[in-house]
Amino acid sequence: MDPIIATEDLKKIYRLGKVDTPALRGVTLQIQDGEFAAIVGPSGCGKSTLLYLLGGLASPTSGRIFVDGNEYSSMTDAERTRFRRHKVGFVFQRFNLLPTLTARGNIALAQAIHDHGYDPHRFQSVTEMLGIGAKLDHRPFALSGGEQQRVAIARAVVCEPKILLADEPTGNLDSGNSQLVLNMLRTLNRSLHQTILMITHNPEAAAISDRIIHMRDGLVIED
Ligand SMILES: Nc1ncnc2c1ncn2[C@@H]1O[C@H](COP(=O)(O)OP(=O)(O)OP(=O)(O)O)[C@@H](O)[C@H]1O
Ligand SMILES: [Mg+2]
């Protein structure tokens, strides 16, 4: 079986003024279709950077990325954007909700820009599952951190993407809500055969995944 995600010697150097920070120093990784994998490692080791590159949100300094049979560098920006909207759901470490839209607007927008369009049944089931049904008219500033996180997760999963990339999806949740989110991710993975790659510091999250990828200093050190 072909992997759904594959990288070859992926390197990323951030350049700020005259300072170079090597965030990824050669990551070669394969994720199989339907896998539920956790990425763990110390702060600053390159986890978020790796997820950004896999999501096509940033470009590597060198190396190659294949997602669902497509190589990112061979796509135009427009093709990559379209691909991402349709195949990849992304939960950001800092949520990145649109501040001028309500929770409802943030989630519905993801559906609106997808070919399937707005789907009220799916919208309702996801927001109820995440326990944010009563907060849909709130804008992000009027939501707690944990609520914003759940809105961000709803936005990422509402279109049932083939691949879900999640940067610490339980980072701001109490243990009850963490468990709820983890169970939901596990269900999506099992029932929709969704591939999930999740960065986490949460031992429970790592424990329910099929595979744990350990990173350190810009490298995968153990898998
Ligand atoms: N835009 C940027 N410009 C310059 N350096 C950056 C940038 N983004 C990240 N870095 C640096 O790249 C390295 C990897 O950062 P990254 O955000 O991938 O780490 P992380 O493993 O996700 O850490 P954390 O667990 O704290 O979220 C760090 O040294 C960070 O300071
Ligand atoms: Mg990070």
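The model is predicted. One open sheet has 6 strands with mixed pairing, and another open sheet has 4 strands with antiparallel pairing. The largest nonpolar core holds 56 residues, and the shell around ligand 1 draws on elements that include β1, β2 and α1.

**Mixed sheet**

- The strand order in the sheet of 6 is β6-β7-β8-β3-β9-β10.
- The edge positions are taken by β6 (88–91) and β10 (219–222); each has a single partner strand, so one side of each has no neighbour in the sheet.
- On average, neighbouring strands of this sheet are turned by 25° against each other, direction ignored.
- Strand β3 (residues 36–40) has 4 of its 5 residues buried, so the rest of the structure largely encloses it.
- β3 pairs with strand β8 (residues 195–199) in the parallel sense, over 4 bridges; here Ile-39 stands opposite Ile-199 of β8.
- β3 also runs parallel to β9, to which 4 bridges join it, and Val-40 stands opposite His-214 in β9.
- Strand β9 (residues 211–216) and β10 run antiparallel and are joined by 3 bridges; Met-215 has Val-220 in β10 as its bridge partner.

**Antiparallel sheet**

- β1 and β2 run antiparallel with 11 bridges between them; Ala-6 stands opposite Gln-30 in β2.

**Nonpolar core**

- In soluble globular proteins, nonpolar side chains tend to be buried together.
- Within the largest nonpolar core, the residues that touch the most other members are Leu-54, Ala-154 and Leu-165.
- Helix α5 (residues 145–157) supplies the largest share of this core, with 6 residues.
- Beyond its neighbours within four places in sequence, Leu-165 is in contact with Leu-51, Leu-54, Gly-55, Val-88, Phe-90 and Leu-197.

**Shell around ligand 1**

- The residues around ligand 1 are Tyr-14, Leu-16, Thr-21, Ala-23, Ser-43, Gly-44, Cys-45, Gly-46, Lys-47, Ser-48, Thr-49 and Gln-93.
- Two or more of these residues come from each of β1 (3–16), β2 (19–32) and α1 (47–54).
- The element that gives the most to the shell is α1, with 3 residues.
- Sorted by class, the shell has 7 polar, 4 nonpolar and 1 charged residues.

**Residues with positive phi**

- Phe-95, which is not a glycine, has a positive phi near 65°.
- Phe-95 lies in the loop between β6 and α3 (103–112).
- Phe-95 is classed as buried because 21 other C-beta atoms lie within 10 Å, the cut-off for a buried residue being 20 or more.
- Glu-160 is also a residue other than glycine with a positive phi, of about 50°.
- Glu-160 lies in the loop between α5 and β7 (163–167).
- Glu-160 has 15 C-beta neighbours inside 10 Å, so it counts as partly exposed.

Key
Residues are numbered from 1 along each chain as its sequence is written. Chains are lettered from A and ligands numbered from 1 in the order in which they are written. This is a predicted model: local features need pLDDT of at least 70, side-chain atom pairs count only at pLDDT 80 or more; totals for chains, interfaces and linings use all residues. Two strands pair if DSSP finds at least two bridges between them. Axes are lines fitted to C-alpha atoms, for helices over the stretch in contact, and angles run from 0 to 180 degrees between N-to-C directions. A residue is near a molecule or strand if its C-beta atom, placed from the backbone, lies within 6 Å of it. Ala, Val, Leu, Ile, Met, Phe, Trp, Tyr, Cys and Pro count as nonpolar, Asp, Glu, Lys and Arg as charged, and the others, Gly among them, as polar. A nonpolar core is a set of buried Ala, Val, Leu, Ile, Met, Phe, Trp, Tyr and Cys residues joined through C-beta atoms within 7 Å. A residue is buried if 20 or more other C-beta atoms lie within 10 Å of its own, exposed if 12 or fewer, and partly exposed in between; C-beta atoms are placed from the backbone. Two residues are in contact if their C-beta atoms, placed from the backbone, lie within 7 Å.
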